[in-house]
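Thanks for asking me to look this over with you.

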Amino acid sequence: MGILDKKYHDSTIIIVNLQSALNWARKNSLWYEQFGLACCAIEMMATAASKYDFDRFGIIPRSSPRQSDVMIVAGTVTMKMASRIKRLYEQMSEPRYVISMGSCSNCGGPYWEHGYHVLKGVDKVIPVDVYVPGCPPRPEALLEGFIKLQEKISGETIIKEKNPELKAEKV
Amino acid sequence: MKQQEEIFEYLQKEFGEETVEFYKGDVGQPWLKLPAEYLKKMANFLRDNAELRFNTLMCLSGTHYPDKSELGVTYHLHSTLHGHTVAFKVATPADQPEIPSVESIWKTANWHEREAMDMFGILFKDHPNMKRILCPDDWQGYPLRKDYKPQEYYQSMPTGT
Amino acid sequence: MIEQKISHTENGQTEMVINMGPQHPSTHGVLRLELVLDGEVITDVRPNIGYLHRSFEKYAESLGDYAKVIPYTDRMDYVSAMNQEHGYVLAIEQLLEIEVPERVEYMRVIVAELQRVASHLLAIGTFGLDLGAFTPFLYCFTEREKILNIFEKATGARLLYNYMTVGGLMRDITGDFKTETSSFINSFRPKIKELNDLLSYNSIFIKRTANIGVLPADVALNYAASGPVLRGSGVQWDLRKNDPYSIYDRFDFEVPVGKGEVGTVGDCWDRYIVRVREMEQSLKIIEQALESMPGEGDVKEAVPKRIRPKEGEVYVRTETPRGELGYYIISDKSAAPFRVKARAPSFVHLSLLPAISKGSLIADMVAIVGSIDIVLGEVDR
């Protein structure tokens with residue numbers, strides 16, 4: 001793929017861009033914080049099981065936000081839960097990403113019209129990097145979401161700050 | 001095993017003709033109507049009487065009747081020993097809703113009554129923990145009433161789209 | 001997230017309140033348990049729910065159509081969606097007083113029982129995962145994928161189907177549904193034995209679940225427990241036999257009951273083994289139904305054009321993998337229901353958690369919550 005350039009033949013020295021190497025390491029070991037809220041959590045578990053294995057991409061579940069890189073918000077976000085999600089997002093250490101899985105956390109989903117207790121989209125409280133549509137999305141769709149996130153990470157730079165407008169607003 | 005009509009006659013014999021009423025819609029299952037003051041006595045009788053023995057409270061639901069300006073509670077009871085079922089309703093005015101709690105008789109009623117309070121605003125007397133259960137504690141309004149308008153913001157998060 | 005509060009009780013002991021959840025790997029969803037501890041022994045549990053309250057009952061009144069509510073019933077207990085639809089559809093058919101064709105009844109029983117097996121596999125797998133056994137989780141999910149494959153061929157969706165309609169089904173099955181289901185049953189029977197060898201009689205598993213969370217039968221009945229929670233306490237009560245609905249009275253199957261084989265009657269192990277044995281009985285029902293299902297018939301011939309029941313109310317209860325699900329529907333002659341109340345089994349079972357967990361340790365709490373098998377979508381609706 002051209003990331004690693006071998007400058008000297010039959011040698012154990014590889015010359016590569018530091019940024020590419022860091023991004024390559026980061027994107028191939030994204031540890032997610034298992035945060036299943038509702039039905040999409042079952043599909044997230046099915047993606048982590050043997051048939052649509054997550055582990056082959058280097059993605060494993062962690063229970064604590066302090067140890068994870070990405071938070072998959074899988075399921076409906078309610079008003080009662082939204083302040084906790086904000087707190088958990090703030091507990092994750094940077095660089096951190098958010099994948100919004102399923103219709104409910106993208107935009108409120110089937111509960112957009114009369115759901116008085118449903119927050120219409122988790123991006124009203126935290127910034128989201130990838131939206132995965134579906135109700136619930138197939139495991140392959142979630143894997144595609146992760147691949148898109150990997151593409152986003154491989155384009156990141158360690159010198160400039162991430163877009164400051166995307167910082168979370170105080171609730 | 002008794003049918004609902006037989007249970008109705010049994011209760012009438014015990015508590016008098018005017019206290020219990022029998023209703024049936026055009027389709028579906030019939031129900032009895034009891035006044036709120038007799039609720040605890042009748043509930044104890046329904047649970048402990050040897051011929052009735054309703055040992056399980058299957059469901060307790062609140063309802064809002066806007067045309068009569070009343071809030072009602074429907075109780076569905078079942079007896080695992082005899083196999084019969086009964087449904088009865090209790091009504092209370094919508095501006096001052098208060099119904100005695102049956103939590104001491106069937107423990108299931110604990111959470112069901114909290115939910116009825118959360119959704120409709122019906123207060124149950126002698127309930128050990130009368131607090132909201134599904135909506136947050138500082139939620140305004142009673143959501144399942146027919147005239148409910150959701151609040152626009154909750155803790156500065158928009159409830160609309 | 002830990003919130004600690006240390007206080008002193010009247011007899012001079014210190015009491016600490018620890019928060020478990022709403023984000024926790026073992027609480028099966030967004031459940032918050034406030035544990036009141038004396039050292040490491042639990043003296044009281046206060047469950048806080050409502051973190052997934054999606055207003056199903058408000059939706060049922062506001063959508064304007066009885067049939068539009070069916071996708072929302074799926075999403076209440078998302079692990080066993082077919083059983084949720086079954087109860088709702090039966091209630092509306094009682095209100096409309098229509099008879100459903102035989103083929104539809106058989107199909108409904110087959111998908112409901114297949115869903116029961118899938119739901120129990122998930123319950124068993126996650127129960128093992130909570131206690132630290134990772135392998136049974138993967139084995140159970142592999143089997144579950146085969147069932148979801150069958151469902152995807154029949155209905156088009158993997159998890160939330162919207163398959164049953166009032167008076168019929170959305171579409172008929174295709175040619176190889178029967179052969180695939182039969183071959184699944186034949187391949188799954190030895191897997192139950194494998195699961196028993198792997199998890200059920202494992203000495204570590206028995207040490208963690210026997211004599212824990214004992215639920216006596218009279219307490220269970222007073223709290224209106226049902227399903228495997230009630231059967232684990234020794235009460236022979238199954239709605240498919242004691243109060244049959246649909247065509248369940250035509251099938252021959254047994255109802256497994258907890259007998260306290262490795263501990264006390266009504267402990268976590270009993271509730272777990274009841275689920276394992278129920279899967280076997282569900283396979284028997286599916287085989288009998290596949291044999292006697294009529295070969296042809298239109299699945300949509302009894303579907304009414306407009307659903308407008310007369311005035312009345314009905315309470316219908318069915319046996320889902322978690323217990324007794326009841327739908328109380330009041331109709332007022334209009335196209336939308338006046339009131340729909342869904343009585344969820346997990347809501348009732350969660351309320352008996354304080355009664356069975358006094359005196360246990362924190363690690364036992366995980367086992368108790370896992371053995372009751374709650375799904376938060378159903379608790380909060």
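1. In this predicted model, 34 residues of chain C are in contact with 37 residues of chain A, where contact means heavy atoms within 4.5 Å. Together, chain C and chain A bury about 3,300 Å², and 63% of that lies on carbon and sulfur atoms. Buried area here is the accessible area (1.4 Å probe) that two parts lose on being put together, summed over both. On the chain C side, C:Gln23, C:Tyr51 and C:Arg54 lose the most area to chain A, together 19% of what that side buries.

2. A word on conventions before we go on. Residues are numbered from 1 along each chain as its sequence is written, while chains are lettered from A and ligands numbered from 1 in the order in which they are written. Because the model is predicted, local features need pLDDT of at least 70 and side-chain atom pairs count only at pLDDT 80 or more, whereas totals for chains, interfaces and linings use all residues; side-chain values use heavy atoms, with hydrogens and water left out.

3. How many salt bridges are there between chain C and chain A? The count is two, taking a salt bridge as a side-chain nitrogen of Lys or Arg within 4 Å of a carboxyl oxygen of Asp or Glu. Helices (H or I, at least four residues) and strands (E, at least two) are DSSP runs, numbered from the N terminus.

4. Are those two partners buried or exposed? A:Glu43 is buried, at 2% relative accessible area, and C:Arg158 is buried as well, at 6%. The cut-offs are under 20% relative accessible area for buried, over 50% for exposed, and partly exposed in between (1.4 Å probe, protein chains only).

5. Now turn to the other partner of chain C. Here 36 residues of chain C are in contact with 40 residues of chain B. The two chains bury about 3,300 Å² between them, with 60% of it on carbon and sulfur atoms. Four salt bridges are found across this interface. C:Glu61 and B:Lys146 form a salt bridge, with their closest N and O atoms 3.2 Å apart.

6. Chain B itself is worth a look. Its 161 residues are 57% buried, and the chain contains three helices and ten strands. The C-alpha trace of chain B spans about 55 × 30 × 25 Å along its principal axes. If you consider contacts in chain B between residues at least 6 apart in sequence, 47% of them join residues at least 24 apart.

7. Over all chains, the salt bridge count comes to 45. Within chain A, A:Glu140 pairs with A:Arg138, their closest N and O atoms being 3.0 Å apart. Both partners are partly exposed: A:Glu140 has 38% relative accessibility, and A:Arg138 has 30%.

8. Chain C has a salt bridge between C:Arg277 and C:Glu261 (3.0 Å, N to O). It links distant parts of the chain, 16 residues apart: C:Arg277 is in helix α11 (residues 268–292) of chain C, and C:Glu261 is in the loop between α10 (239–242) and α11 of chain C. C:Arg277 is partly exposed at 25% relative accessibility, as is C:Glu261 at 41%. Elsewhere on the list, salt bridges that share partners join C:Glu113, C:Arg116, C:Arg231, C:Asp238, C:Arg240, C:Glu278 and C:Glu319 into one network.

9. Lastly, please find C:Phe184, in helix α6 (residues 177–200) of chain C. What does C:Phe184 contact, leaving aside its neighbours within four places in sequence? Its contacts are C:Leu114, C:Glu143, C:Lys146, C:Ile147 and C:Ile150. C:Phe184 counts as buried, with 4% relative accessibility. From C:Phe184 to C:Pro136 there are 48 residues in sequence and 19 Å in space, C-alpha to C-alpha.
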